[in-house]
Amino acid sequence: EEIGFTWEVYVSQPTTKTNEKGFISSASVIEAFLSLSPSPNAIKVYQAIWNKQNKSKGKGQFVRCVKRRTDKSDRGGNVVAAMEISNVDSVDKVYRI
């Protein structure tokens, strides 16, 4: 029985348009996660809007990562770990996550 892990990543979508210098778009963050993934099946990335968006003064996106265990008998995927990161403002930060 093969046991593996997958990641679900949710990237905040700003409720207002922002063209500030140094601001990385949610589409760029999503692209970075997909590009840096070791396998196309290891990660799924979604845009998300939360009721209470991160109101900090940082220029980056708010990211929620959920690690799930997957095996043939576990169709739902049990949550193994989860984390939330604010101000994801560069590909380097995505790489470190």
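**Exercise 1. Work out how Asp-92 and Arg-96 meet, and where they sit**.

Step 1. The side chains of Asp-92 and Arg-96 form a salt bridge, 3.3 Å from N to O. A salt bridge is a side-chain nitrogen of Lys or Arg within 4 Å of a carboxyl oxygen of Asp or Glu.

Step 2. Both residues belong to helix H2 (residues 91–96); they are four residues apart, so about one helical turn separates them. Helices (H or I, at least four residues) and strands (E, at least two) are DSSP runs, numbered from the N terminus.

Step 3. Asp-92 is partly exposed, at 45% relative accessible area. Arg-96 is exposed, at 58%. The cut-offs are under 20% for buried, over 50% for exposed, and in between for partly exposed (1.4 Å probe, protein chains only).

A note on the source: this is a predicted model, in which local features need pLDDT of at least 70 and side-chain atom pairs count only at pLDDT 80 or more, while totals for chains, interfaces and linings use all residues. Residues are numbered from 1 along each chain as its sequence is written, and side-chain values use heavy atoms, leaving out hydrogens and water.

**Exercise 2. Find which strands the salt bridge between Arg-68 and Glu-8 ties together**.

Step 1. The closest N and O atoms of Arg-68 and Glu-8 are 3.0 Å apart, in a salt bridge.

Step 2. Arg-68 lies in strand E3 (residues 61–71) and Glu-8 in strand E1, so the pair ties together parts 60 residues apart in sequence.

Step 3. Glu-8 is buried, at 15% relative accessible area. Arg-68 is partly exposed, at 21%.

**Exercise 3. Is Ser-12 buried or exposed, and what does its side chain contact?**

Step 1. Ser-12 lies in strand E1 (residues 3–12).

Step 2. Its relative accessible area is 4%, so Ser-12 is buried.

Step 3. The Ser-12 side chain makes a polar contact with the side chain of Gln-61, at 3.1 Å. A polar contact is a pair of N or O atoms within 3.5 Å; within protein, one must be able to donate a hydrogen and the other to accept it, and residues adjacent in sequence count only if both atoms are side-chain atoms.
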